[in-house]
Each structure stands twice: as structure tokens, then as C-alpha cells.
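Dear colleague,

Please find below the structure that I am handing over to you. My notes on what was found in it follow directly after.

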Amino acid sequence: QVQLAESGGGLVQAGDSLRLSCAASVRTFSNYVVGWFRQAPGREREFVASITWFGGITRYADSVKGRFTISRDTAKKTVYLQMNSLKPEDTAVYYCATDSSGNFKSATWGQGTQVTVSS
């Protein structure tokens, strides 16, 4: 069974940067897609970015393109979300998730990490 643990959230000001980490406990990750999602108060959870473990193919939501970068360290079995030029509307709980299909309908989820961006 895969287990995920996010870290790196915090309180920052608009324009600042943060890097989130998602560490996975799994024997092999080669067939998986790992994604970052976020959920703001009163809103549905939304897709932020994803990366294939094999090949490192990335995908981003339009709202974060050019500001956020997803990457992976295969040796550490960790996926990162580098967030630059943060905006107050980026405030949310950020979750990482993984499954083998890439549609995340039956994904394993982490516990989430809070990101708060003040104006």
C-alpha cells in the first residue's frame, strides 16, 4: 500500500515562494502518476499539477502555469511542488495523490498541508 506525507506548507506574503514535498512509502513507483490538488474553504478540491513517475511528464492547471513547477526525485521517492509568485488566491490545503491511472478517481491521498498567502 502506498502512503503519502506532505510537508512544506506555511504562511507567506504575496509574491513569496514555497516548496511543498510529498514523500511516498512504496516499494516501486514506476507505474504511478503523482498529482497535487488544493482545496480552499467553501470550494471543491481542484487539480494543480501532476507528473508521471516514469518519464516525468508534467501537466498543470492554467491558474498555476508559469508560477508552479512539479518535479520528482526518484531516489528519494518524493515529489515537489515549487510555488513562486504566490497570490492570496493560492491559499488552500494542498494534497498530493497518486494512482496508476492518472485520473485520480481511486487515488491514495496524503493528509494535506496548509498554504496561506497574505496580501
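Strands are DSSP runs (E, at least two residues), numbered from the N terminus, and two strands pair if DSSP finds at least two bridges between them. The two strands form a hairpin with five residues between them, in which Gly55 takes a positive phi near 100°.

Before going further, please note that this is a predicted model, in which local features need pLDDT of at least 70 and side-chain atom pairs count only at pLDDT 80 or more, while totals for chains, interfaces and linings use all residues. Residues are numbered from 1 along each chain as its sequence is written, and side-chain values use heavy atoms, with hydrogens and water left out.

**Strands S4 and S5**

Strand S5 (residues 46-52) is largely enclosed by the rest of the structure, because five of its seven residues are buried. Buried here means under 20% relative accessible area, exposed means over 50%, and partly exposed lies in between (1.4 Å probe, protein chains only). S5 also pairs with S4 in the antiparallel sense, over six bridges, and Phe47 in S5 is the bridge partner of Phe37. The hairpin of S4 and S5 has six residues between the strands, and Gly42 in its turn has a positive phi of about 80°.

**Aromatic residues**

The structure holds three aromatic pairs. Rings of Phe, Tyr and Trp (its six-membered ring) pair if their centres lie within 6.5 Å; planes under 30 degrees apart count as stacked, over 60 as edge-to-face and the rest as tilted. Phe37 and Phe104 form an edge-to-face pair, at 5.1 Å centre to centre and with 75° between the planes. This pair links distant parts of the chain, 67 residues apart: Phe37 belongs to strand S4 (residues 33-39), and Phe104 to the loop between strand S9 (92-99) and strand S10 (108-109). Both Phe37 and Phe104 are buried.

The rings of Phe37 and Trp109 are also edge-to-face, because their centres are 4.9 Å apart and their planes stand at 65°. Here too distant parts of the chain are linked, with Trp109 in strand S10 and Phe37 in strand S4, 72 residues apart. Phe37 has a relative accessibility of 10% and so counts as buried, whereas Trp109 is partly exposed at 28%. Ring pairs link Phe37, Phe47, Phe104 and Trp109 into a cluster.

Two arginines sit over tyrosine rings: Arg19 lies over the face of Tyr80, at 4.1 Å from the ring centre, and the charged end of Arg45 sits over the ring of Tyr95, 5.3 Å from its centre. The criterion is NZ of Lys or CZ of Arg within 6 Å of the ring centre and within 35 degrees of the ring normal.

**The four-stranded sheet**

An open sheet of four strands has the order S1-S3-S8-S7, with antiparallel pairing. Strand S1 (3-7) and strand S7 (68-73) are at the edges with a single partner strand each, so one side of each is left without a neighbour in the sheet. S1 pairs with strand S3 (residues 18-25) over five bridges, in the antiparallel sense, and Ser7 stands opposite Ser21 in S3.

**Strand S11**

S11 has a covered face, made of Thr113, Val115 and Val117, and an uncovered one, made of Gln114, Thr116 and Ser118. Strand S2 (residues 10-13) and S11 pair in the parallel sense over four bridges, and Val115 is the bridge partner of Gly10. S9 and S11 pair in the antiparallel sense over three bridges, where Ala92 stands opposite Val115.

**The nonpolar core**

Which residues touch the most other members of the largest nonpolar core? Of its 34 residues, they are Trp36, Val48, Phe68, Val79, Leu81, Met83 and Tyr94. Such a core is a set of buried Ala, Val, Leu, Ile, Met, Phe, Trp, Tyr and Cys residues joined through side-chain atoms within 4.5 Å.

Met83 is found in strand S8 and, at 0% relative accessibility, counts as buried. Leaving aside residues up to four places away in sequence, Met83 touches Asp16, Ser17, Leu18, Leu20, Arg67, Phe68, Tyr94 and Val115, where contact means heavy atoms within 4.5 Å.

With kind regards
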